[in-house]
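Good morning, and thank you for making time for this presentation. Please have the sequence and the model open while I speak.

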Amino acid sequence: MNARLNGFLVNEFPKYIVFLLWLGLNGFLFGYYYNFYNTKKTFFYTRVLLGPALALARAPAACLNLNCLLVLLPVCRNLLSLFRKACMCCPRRIRRVLDKNIKFHRMCAYMIVLMTLIHYFAHCFNVDFFTSAYQSKILATDTPAIIQQKKLIAKLIQIGNNGNETYLNPIRKSVFSVGAVFLLTGGWTGVIITLSLFFMVTSSLEFIRRSYFEVFWFTHHLFIVFYGFLVVHGISMQVRGQTPQSLTVHDPIRCSTIDPATWSQNNCPTPVFAGSPPMTWKWVIAPMVLYVIERIIRLVRFNQQVEVLKVIKHPSRVLEIQMRKNGFFAEVGQYVFIMCPQLSQLEWHPFTLTSAPEEDYFSIHVRIVGDWTTGLSKVLGADEAGNEVQPSWKMPRLAIDGPFGTASEDVFNYPVAICVGSGIGVTPFASLLKSVWYKNLNPEHEMVLKKVYFFWICPETHAFEWFGDLLKYLERQLTEIGRQDLIEYHIYLTRGWDHKQAKAIYAHEEDTHDVITGLEQKTNYGRPNWDEIFSKTARDYPNTHIGVFFCGVAALSAKLHKMSNKHSGGGVYFHYNKENF
């Protein structure tokens with residue numbers, strides 16, 4: 001129980017605090033505005049027409065305002081990078097909350113969907129109540145209370161027919177028809193907002209994002225339509241209530257018990273109504289401005305020249321693109337968005353930087369797996385026969401947005417780091433491992449980081465090919481400076497070997513170098529025993545804060561997260577960090 005508690009405090013507590021604050025704020029707004037519209041004397045007559053559906057429509061609208069404010073902030077990447085730099089003096093637990101930005105973005109989106117559904121269906125009832133009020137008739141079986149209620153409703157829907165009166169029911173009988181509801185500003189804008197939200201959410205499903213990224217990318221830009229119509233949604237002020245001045249001369253609680261035909265004789269002048277002023281724009285104007293600034297920054301970066309220095313063809317359909325740009329500086333593990341105007345003027349794709357900050361260029365590794373990456377390979381000339389790629393002066397124009405921060409930036413703040421990459425998820429650690437070597441070349445630079453355990457889990461043998469050269473180079477360089485113990489490789493091949501390969505592996509078991517990777521450290525076959533690995537690390541480094549960094553598939557992420565929580569305790573704390581972009 002002690003270990004579980006320690007793991008929770010290290011890895012879970014900060015994010016749950018943020019989650020509970022967000023959830024509590026939503027709950028408070030919902031409860032406050034539900035009570036406000038359900039008890040406020042201003043809306044007494046509105047409740048006579050609509051009943052509890054009024055409060056049930058307005059309460060989620062308040063939560064929608066909050067979440068429409070918040071949902072844009074996690075995708076303002078420059079803002080997050082600024083926060084990350086400003087929080088470098090903050091505890092690690094606080095900084096790691098910023099790495100949950102996409103998860104928080106999704107949470108806000110889910111809350112927007114939920115509150116939109118409640119708001120939509122409550123207003124469906126409101127429309128029905130507004131329109132059915134015209135069909136209300138007094139029956140012989142009605143009780144006196146029901147008769148008084150129907151007389152009051154009949155009076156309320158008639159107010160506004162005279163030129164000197166203000167109406168309560170926004171659906172006037174003179175223009176009423178089945179489609180008239182959608183002619184109201186709140187009606188047709190609400191339909192557009194809901195449809196935009198539907199397409200954005202459905203196109204964000206994981207299988208669409210992975211298989212049809214362009215569909216997700218273009219459809220997600222419906223947020224411009226969503227926010228545009230959200231601002232004008234309440235401009236017609238269709239939710240109406242009695243004005244404060246009218247309340248001083250017409251008490252709705254007293255006058256509602258009097259026959260409306262005798263209001264003038266009982267000191268109940270005709271009530272005056274007005275619409276509630278729109279509030280949504282006050283909530284969303286700030287994030288909209290911040291996002292516009294983000295787009296301006298992207299436009300500026302789009303026009304900055306990027307020099308493509310070299311394109312290297314690696315095995316397994318992987319390209320390395322080395323570039324240079326004035327004023328560009330990145331930390332380890334950061335990522336950039338790349339756009340090639342020759343392929344598309346709108347598509348920006350994220351790639352982790354594989355170069356170290358100490359190098360005079362920045363690079364990415366691109367695996368050719370989709371339409372866009374295939375097109376990029378073609379315009380770079382990398383799909384042609386042979387190993388030679390066209391010279392730099394023939395390269396297409398590329399635009400770079402970034403760099404943006406990730407969890408890997410904190411790796412040098414831990415004495416010990418466990419870095420785990422699965423498949424192509426190894427790319428953030430290319431930058432990290434190279435930077436570790438560069439920093440050790442400077443004897444005057446004292447690093448906090450003393451040991452790196454690097455785990456690479458690959459499903460097939462060919463996946464080792466493109467990254468193996470870098471590992472062999474680093475292994476040689478660290479041996480030359482006498483720091484071969486700084487980085488300990490653990491490479492696992494989970495499947496992909498046949499009978500012949502198994503015989504070759506067995507035949508070369510006594511060789512000094514691994515038969516598959518060429519490294520001195522031999523390849524392991526099967527899956528790592530993470531329980532044993534974390535236990536041994538905890539025993540080897542007592543009273544130590546250990547950083548666990550991962551990039552790869554969700555299933556392995558959940559396993560490492562669980563192990564980090566399980567083995568934290570007794571002075572040893574495993575801080576779990578997942579690359580998330």
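I shall take the record annotations, then a sheet, and then the charged side chains.

First, the conventions. This is a predicted model, in which local features need pLDDT of at least 70 and side-chain atom pairs count only at pLDDT 80 or more, while totals for chains, interfaces and linings use all residues. Residues are numbered from 1 along each chain as its sequence is written, and side-chain values use heavy atoms, with hydrogens and water left out.

Let me begin with the record. The unreviewed UniProt entry lists residues 16–35, 104–122, 175–200 and 212–235 under "transmembrane region"; UniProt positions follow the numbering used here, feature names are shortened, and annotations may be inferred rather than shown by experiment. What does the model show over two of these spans? Residues 104–122 are 100% helix and 0% strand, with end C-alpha atoms 27 Å apart. For residues 212–235 the figures are 75% helix and 0% strand, and the end C-alpha atoms lie 37 Å apart. Helices (H or I, at least four residues) and strands (E, at least two) are DSSP runs, numbered from the N terminus.

I turn now to the sheet. Three strands form an open sheet in the order β6-β5-β8, with antiparallel pairing; two strands pair if DSSP finds at least two bridges between them. Because β6 (349–352) and β8 (399–404) stand at the edges with a single partner strand each, one side of each is left without a neighbour in the sheet. From one strand to the next, the twist averages 25°, where axes are lines fitted to C-alpha atoms, for helices over the stretch in contact, and angles run from 0 to 180 degrees between N-to-C directions. Strand β5 (residues 335–339) is joined to β8 by four bridges, and the two run antiparallel. Opposite Phe 337 stands Asp 401 in β8.

The whole structure holds 12 salt bridges, a salt bridge being a side-chain nitrogen of Lys or Arg within 4 Å of a carboxyl oxygen of Asp or Glu. Asp 401 is buried at a relative accessible area of 2%, and Arg 298 is buried at 8%; buried means under 20% relative accessible area, exposed over 50%, and partly exposed in between (1.4 Å probe, protein chains only).

Asp 401 also meets Arg 301 in a salt bridge of 2.7 Å, N to O. Arg 301 lies in helix α14, so this pair ties together parts 100 residues apart in sequence. Arg 301 is buried as well. Through shared partners, salt bridges join Arg 77, Arg 298, Arg 301 and Asp 401 into one network.

Another salt bridge joins Asp 360 and Arg 324, with closest N and O atoms 4.0 Å apart. Asp 360 sits in the loop between β6 and β7 (362–367) and Arg 324 in strand β4, 36 residues apart. Asp 360 is exposed at 56% relative accessibility, whereas Arg 324 is partly exposed at 34%.

Finally, consider Glu 320, in strand β4 (residues 318–324). Glu 320 is buried yet has no salt bridge, and the nearest side chain of opposite charge, Lys 434, is 5.4 Å away; Lys and Arg count as positive and Asp and Glu as negative, with His and the chain ends not counted. The side chain of Glu 320 does make a polar contact with that of Gln 322, at 3.1 Å. A polar contact is a pair of N or O atoms within 3.5 Å; within protein, one must be able to donate a hydrogen and the other to accept it, and residues adjacent in sequence count only if both atoms are side-chain atoms.
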